[in-house]
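Here's a quick walk through one chain, from the overall numbers down to a handful of residues. Have the viewer open and follow along.

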Amino acid sequence: MLNVPTQAFPAPSSQQRVAAGGRAKVPLKPGRSLMDWIRLTKSGKDLTGLKGRLIEVTEDELAKHNKKEDCWICIRGFVYNVTPYMEYHPGGEDELMKAAGTDGTDLFDQVHRWVNYESMLKECLVGRMAVKPVAAPKGMLPEKKVLGASAKDLTPSYDWFQTDSLITIVIYTKQKDMNGDLVIVDCQDKRLRGEIIVGDHSYLVELDLYQAVQEDVAVNIAEKVGKVEIILKKKDNIHWKMLGQPLESHNTLLKRMDRGLFYRKCKLVSKTEVTHDTKLFCLMLPKSTHLHVPTGQHVYLKQIIAGTEVVKPYTPVLPFLPLDFKEPSCHDGACIYLMIKIYSCGLFTQALNHLQIGDYISVSNPEGNFKKSQVQTSEDLFLLAAGTGFTPMVKLLNFALTEASCLRAVKLIFFNKTEDDILWRSQLEQLALRDERFEVQFILSQPTKDWTGKQGKISSSLLSEFVKRSRKDSKVLICICGPTPFTEQGVQYLKDLGYSQEEIYAFTA
């Protein structure tokens, strides 16, 4: 059902936002952009105050440097003087000061562990933290942690076998309902990496293979029994004496947050205009990669800009809203589609926009904690999006209308500045006409005089009008994504209207 009513409200500006761990950005002073920071690090200026020396830093020494004009922070055992970086930090000085004079590793991981701080802060390196010796009490040996039988039983394991032409690695995940979203396989040169997602942990098989294999990698999944087969084609039909040499993380089960990001090179195969300032990028995965990005999750793109590694998160979309609800295939390989707003002063997006067809860019494994079961157990689904905050809603919308049988109603409330900014307007209108469960509401903040629909920005009265349960006791899920102020205000308005935290999911940036 398509509904474009006429009442007026104010609306936020539309910015690029994706599903990632979040914090608010603050306005930076002129001359304090990322490019300005890169120039400063290459200027030869002494940013540590130590004239090129590296020192060993004790906890007591670190604690002394806890002021804005003298701020040291420890990340993973390395100490950085972030004083000169204060004015360049997109999250603001106060965010950095939360870790001033302390070990900020946990805080860093919570907010943006994907950032390559080693590259960004390499000219600010003070040195290593001093190792503090811990003496065991006399007569006592260090305690050994032994996994109980039940924990061992739940840990995945693997085996392998071969024929004249094939190598098959079998991973026994010991998980029910295993599916393609939970299996990531990369085979680059002779290095094999197979990762199985097990809740908030991941199991890794990682080896330097005994012999070279062909590009094509096949993955078979027996979903009900949790068995995963990785099938490799030998380059030479010879007998392998072993599967290969285990790498450092081989056969380990770790928390996903502790695993670290893995990247592979993807080829840009198309770049099409969506609106006057937004483009749809199609990136083709290597033939030797098996990767599905689950609904509501994001990936990271990595580029080297002016000699510095820069990373940004984006939420993949479909190439269009398929009205037959079948996800379209891509060329001769699996692809990732990203809808990205190109900012005139955006260092990263300008570099993306200058990529040529056939160029390569690094794409990470997916991340995010959104679970599709939240949709499957709901009766009413509301999607609140501003600008390219629409991107997480694309796959979510497709999933909701095809696989969530309990849903009675799906409503998208889409905020933009002007009509020209509305992403996929025609497709959304067609979808609303085709499926009676779906309704879309467009709201503009800077409309022309010809606009007859809603105008304004997010507010409690607007939400009370459009976000309503279909029944008094119906189960509701409200997903929201957009610029940080939009998301924060929206969440607060929803809570004020009586919706619980469990009924609200915010994709933050």
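A word on burial first: buried means under 20% relative accessible area, exposed means over 50%, and partly exposed is in between, using a 1.4 Å probe and protein chains only. Keep in mind that this is a predicted model, where local features need pLDDT of at least 70 and side-chain atom pairs count only at pLDDT 80 or more, while totals for chains, interfaces and linings use all residues. Residues are numbered from 1 along each chain as its sequence is written, and side-chain values use heavy atoms, with hydrogens and water left out.

**The chain as a whole**

The chain has 509 residues, and 48% of them count as buried. Its accessible surface (Shrake-Rupley method, 1.4 Å probe; for residues, only the protein chains shown count as cover) is about 25,200 Å², with 50% of that belonging to carbon and sulfur atoms. On the secondary-structure side there are 13 helices and 28 strands; these are DSSP runs numbered from the N terminus, with helices being H or I of at least four residues and strands E of at least two. As for contacts (heavy atoms within 4.5 Å), take the ones between residues at least 6 apart in sequence: 74% of these join residues at least 24 apart.

| Residue | Relative accessible area | Class |
|---|---|---|
| Glu 59 | 48% | partly exposed |
| Gln 376 | 36% | partly exposed |
| Asp 189 | 75% | exposed |
| Trp 424 | 10% | buried |

Glu 59 sits in helix H2, residues 59-64.

Gln 376 belongs to helix H9, residues 373-376. Which residues does Gln 376 touch, leaving aside its neighbours within four places in sequence? Those are Phe 399, Ala 404 and Cys 406. Ser 405 is 29 residues away from Gln 376 along the chain, yet their C-alpha atoms are separated by 7.1 Å.

**Positive phi without glycine**

Asp 189 isn't a glycine, but its phi is positive at about 55 degrees. You'll find Asp 189 in the loop between strand E8 (183-188) and strand E9 (191-198), and it counts as exposed because its relative accessible area is 75%.

Trp 424 is another non-glycine residue with a positive phi, near 55 degrees. Trp 424 lies in the loop between strand E24 (409-416) and helix H11 (425-434). Is Trp 424 buried or exposed? At 10% relative accessibility, Trp 424 is buried.
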